[in-house]
Amino acid sequence: MTLIPSNSFIDFQQIVCSSLPNECSTKQHIIKGSRLQRILAPVESVEEDWRNTQRQMLKNKIYCSLYWYLLTKEQLRTNGFPRWTNRYKNCVSIELNYFDKQSGKKTYAECGDLERKCARCGKDYNLDRNGKVVKAACIYHPIPIKYIGPNVPKYNCCGEEIGAKGCTQACSHVSDTRLESTLREFKQTETPQSSLDPRTGNVYALDCESVYTVCGPEVARITLVDIFGETVLDCTFRPRNTIVDYNTRFSGLTRERVLGSRLRLSDAHAFLSHFINSETILIGHGLDNDLKALGVVHNKIVDTSILYPHWKGSPYKYGLKLLTKHILNRDIQQGSMGHDSREDAIATMELVLHKLGFGC
């Protein structure tokens, strides 16, 4: 599905061809004739300039329209986006959401704290003295509970009733708990270098995929998509710490893909800074998770999980898959090899454009 028609421009070549003799009315004939080449060259240049101007005007219009939907400082804080704790910008704080508070989830742990809770089976376990994961069978249900009828909850993955033994087994536990020291390693997106900084005024949809490491989840793939549905950045890189589980069922990442890359998180930050500054508008679904994984603080955010509020109200939020199906009448995340960050980024961009009245 094309987000914004990129071919809605005047075909100058067709105009020129229609005014020529029949034997020279095809593009092939035009290119072969030296005299006609001299006619066509400036026409192609004008066409390209006009096309780029139209695209830029559309980008500016969308950028300005999105200002109405940017999250406020309070919304950023209450929805778990990383926020600076002081004016020196050397440490961030991250507010727990309602469900994490209710469950007592430990999102960050001090260096000497070796107690963890498995993000899959829910069991408590300990890391070894060196902070490494100890091998142990993890038996769990990978898909959330599905409710069939008024009082018959079942697991969506296997159809068994609640309380049934897990249908999937892994060789080790994994945790969503990160090291507290990472809160002091966040980076702020750059301020514009000048009033002509080309990054200012851009709008991108961002999505990340993560793997489980000994120090919790770490991002291993980032994707940026522009308003025309074109991918401007898509890179896979190695996380900083030892990988425990590639989480392929949900991340789509495999051992070969991650370990086959020579890139690191620092390279990903460098790539991002080429496209993004502090005035760039970033779009995502649950974008707080992506920015926490990337270790980035950014203020101009449009989040589709907030843009399309749940009928129950906060703190409930719709999933991207359900929103895309309900709003865009399109299925995503259907593959057996997990999520695709490019597919998800395009879906969030389409949802925002739909809200603005630019969608199909």
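Me: What about helix H9, is it enclosed or open?
Reply: Helix H9 (residues 287–294) is largely enclosed by the rest of the structure, because seven of its eight residues are buried. Buried here means under 20% relative accessible area, exposed means over 50%, and partly exposed lies in between, with a 1.4 Å probe and protein chains only. Helices (H or I, at least four residues) and strands (E, at least two) are DSSP runs, numbered from the N terminus. This is a predicted model, in which local features need pLDDT of at least 70 and side-chain atom pairs count only at pLDDT 80 or more, while totals for chains, interfaces and linings use all residues. Residues are numbered from 1 along each chain as its sequence is written, and side-chain values use heavy atoms, with hydrogens and water left out.

Me: Which residues of H9 are buried?
Reply: They are Leu287, Asp288, Asp290, Leu291, Lys292, Ala293 and Leu294. Just after H9, glycine 295 takes a positive phi of about 75°.

Me: OK, the core next. Which residues have the most contacts inside the largest one?
Reply: Leu66, Val203, Ile283 and Val302 have the most contacts inside the largest nonpolar core, which has 27 residues. Helix H3 (34–66), strand S12 (203–213), strand S16 (281–284), helix H11 (320–328) and helix H12 (341–356) are the elements that give two or more residues to this core, and H12 supplies the largest share, eight residues. A nonpolar core is a set of buried Ala, Val, Leu, Ile, Met, Phe, Trp, Tyr and Cys residues joined through side-chain atoms within 4.5 Å.

Me: And what does valine 203 contact?
Reply: If its neighbours within four places in sequence are left aside, valine 203 is in contact (heavy atoms within 4.5 Å) with Tyr63, Leu66, Val225, Asp226, Ile227, Ile281, Ile283 and Met349. There is also a second, separate core of 23 residues, which includes Leu206, Phe275, Ile276 and Leu291.

Me: Switching to charges, how many salt bridges are there?
Reply: The count comes to 17 salt bridges, where a salt bridge is a side-chain nitrogen of Lys or Arg within 4 Å of a carboxyl oxygen of Asp or Glu.

Me: Where do aspartate 176 and lysine 105 lie?
Reply: Their side chains meet in a salt bridge (3.4 Å, N to O). Aspartate 176 lies in the loop between strand S9 (168–172) and strand S10 (178–179), and lysine 105 in the loop between H5 and strand S3 (108–109), so the pair ties together parts that are 71 residues apart in sequence. Aspartate 176 is partly exposed at 26% relative accessible area, and lysine 105 is partly exposed at 32%.

Me: What about glutamate 95, what does it pair with?
Reply: Glutamate 95 forms a salt bridge with lysine 101, with the closest N and O atoms 3.9 Å apart. Glutamate 95 counts as partly exposed at 26% relative accessibility, and lysine 101 counts as partly exposed at 48%. Aspartate 331 and lysine 325 also meet through their side chains in a salt bridge (3.4 Å, N to O). Salt bridges that share partners join Glu74, Arg77, Glu95 and Lys101 into one network.

Me: Last one: how many disulfides?
Reply: The count comes to zero disulfides, a disulfide being a pair of cysteine sulfur atoms within 2.5 Å. Cysteine 64 is exposed, with a relative accessible area of 52%, whereas cysteine 91 is buried, with a relative accessible area of 18%.
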